[in-house]
Amino acid sequence: MSDIYKDAGVDVHAGYKAVDLMKKHIAKTNRPEVIGGVGAFAGLFDLSNFSYEEPVLVSGTDGVGTKLKLAFALDKHDTVGIDLVAMCVNDIIAQGADPLFFLDYIACGKNEPEKIEQIVSGISNGCVQSNAALIGGETAEMPGMYGDGEYDLAGFVVGIVDKKRIITGDTIQQGDKIIGIQSSGVHSNGFSLVRKIVSDNNLAYTDYVEELGMTLGEALLTPTRIYTKAIQQMKLDLTIKGISHITGGGFYENIPRALPDHLGVRFTEGSWEIPPVFTYLQKQANMSAEDMYGVFNMGIGMAVIVEAHEAEMAIQLLEDIGERAFIIGEVTEEVGVTFAND
């Protein structure tokens with residue numbers, strides 16, 4: 001084949017190599033419902049053996065955002081794929097769906113097969129954690145669109161739920177309890193602010209931070225926690241009335257999305273452990289607690305609303321599967337999100 005396309009900045013042979021390198025990672029995510037293999041024009045997933053009364057497909061799409069800038073700076077690319085899957089999957093499980101399959105889109109200025117493999121290994125890891133099959137994707141080499149060594153990621157997930165089991169929040173009442181499931185850190189939101197804090201304070205991602213027990217970059221690149229198994233276990237043993245995935249906008253924006261319009265929530269300050277990365281960032285930026293809760297997850301990746309009498313059971317079953325969880329507040333008649341000391 002002529003090198004005329006390569007001279008324009010697109011190396012099709014690098015694309016072929018990248019596909020070959022990622023095949024073993026894709027294979028780890030396989031499910032019996034997947035039809036065909038890598039390389040077809042579309043991914044196929046067989047729904048004929050599912051036994052839902054009224055099956056509803058639930059979809060979500062998202063990216064990783066400017067957290068990718070840290071991956072570029074540290075030349076570490078094997079975890080942002082987990083973030084990509086997590087940001088999509090955690091949204092659909094908040095509606096009660098079980099993930100089925102995932103597709104990814106990787107856009108880069110130059111296709112470096114070994115780097116693409118690292119990214120896809122993370123996506124594969126996230127899919128395994130989610131029990132979602134990676135059935136397709138696209139790697140687009142677009143010279144001139146991205147700087148040297150830069151890329152962008154987008155993902156798309158489809159899940160399924162029986163119509164009567166969709167989690168809508170409609171049955172939430174005053175007095176219901178909020179179960180907070182611990183996050184793994186900053187997850188994948190607020191990184192434009194994080195990068196500004198790092199820049200304004202002349203910090204380096206390679207700095208070892210005593211209170212974090214690792215470098216700043218390691219703490220910030222910790223991948224987003226995926227809550228598929230936790231939510232599936234809760235659905236088996238109790239009634240989930242509402243779920244909020246704490247992403248961009250923190251508590252003030254995301255909690256109300258799970259509630260009826262006439263209700264609010266009151267969180268109990270000190271009812272959960274705030275990871276040190278947040279106190280470190282708050283100190284560096286001299287931010288108020290209100291601002292922190294309006295941007296970051298503050299150590300709670302998922303807030304799950306259950307009836308008061310099931311709260312302790314929820315904590316126990318989550319701890320039994322290795323999650324850290326806390327009763328962090330309750331639903332109130334006062335609309336909005338408030339914090340109290342008791």
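The legends below describe close-up views of a predicted model, beginning with the whole chain and moving on to its sheets and helix pairs.

In this predicted model, local features need pLDDT of at least 70 and side-chain atom pairs count only at pLDDT 80 or more, whereas totals for chains, interfaces and linings use all residues. Residues are numbered from 1 along each chain as its sequence is written, and side-chain values use heavy atoms, with hydrogens and water left out.

View 1. The protein contains 12 helices and 14 strands, where helices (H or I, at least four residues) and strands (E, at least two) are DSSP runs numbered from the N terminus. Along the principal axes, the C-alpha atoms fill a box of roughly 70 × 55 × 35 Å. The radius of gyration is 21 Å, which agrees with the value near 20 Å that a compact globule of 342 residues would have; this radius is taken over C-alpha atoms, and the globule rule is 2.2 Å times the number of residues to the power 0.38.

View 2. The strands follow the order E3-E6-E4-E5 with mixed pairing, two strands being paired if DSSP finds at least two bridges between them. Strand E3 (55-63) and strand E5 (133-141) are the edge strands, each pairing on one side only. On average, neighbouring strands of this sheet are turned by 15° against each other, direction ignored; axes here are lines fitted to C-alpha atoms, for helices over the stretch in contact, and angles run from 0 to 180 degrees between N-to-C directions. Strand E4 (residues 98-108) pairs with strand E6 (residues 151-162) in the antiparallel sense over 10 bridges, and Ala107 stands opposite Asp152 in E6. Helix H4 lies across E3, E4 and E6, and runs at about 30° to E6.

**View 3. The packing of helix H4 against helix H5.** Two packed helices are described by the angle between their axes and the distance between the axes. The axes of H4 (residues 80-93) and H5 (residues 113-130) come within 6 Å and cross at roughly 40°. That angle makes H4 oblique to H5, given that angles under 35 degrees count as roughly parallel, over 145 as roughly antiparallel, 65 to 115 as roughly perpendicular and the rest as oblique. The crossing of H4 and H5 is right-handed, a term used if the near helix is turned clockwise from the far one by less than a right angle, with anticlockwise giving left-handed.

**View 4. Helix H2 beside helix H5.** Helix H2 (residues 12-27) and H5 pack at an angle of about 30°, with their axes 9 Å apart, and this makes H2 roughly parallel to H5. The crossing of H2 and H5 is right-handed. H2 contributes residues including Lys17, Leu21 and His25, while H5 contributes residues including Pro113, Glu117 and Val120. By class, the contact of H2 with H5 has 7 nonpolar, 3 polar and 4 charged residues.

View 5. The order of the strands is E10-E12-E7-E13-E11-E14, and the pairing is mixed. Strand E10 (242-245) and strand E14 (336-340) stand at the edges with a single partner strand each, so one side of each has no neighbour in the sheet. Neighbouring strands of this sheet are turned by 25° against each other on average, direction ignored. Strand E7 (residues 177-182) and strand E13 (residues 325-332) pair in the antiparallel sense over 5 bridges, and Phe326 in E13 is the bridge partner of Gly180. H12 packs on the sheet, touching E7, strand E12 (300-306) and E13, and its direction makes about 150° with that of E13.

Key: Contact = heavy atoms within 4.5 Å. Nonpolar A, V, L, I, M, F, W, Y, C, P; charged D, E, K, R; others polar.
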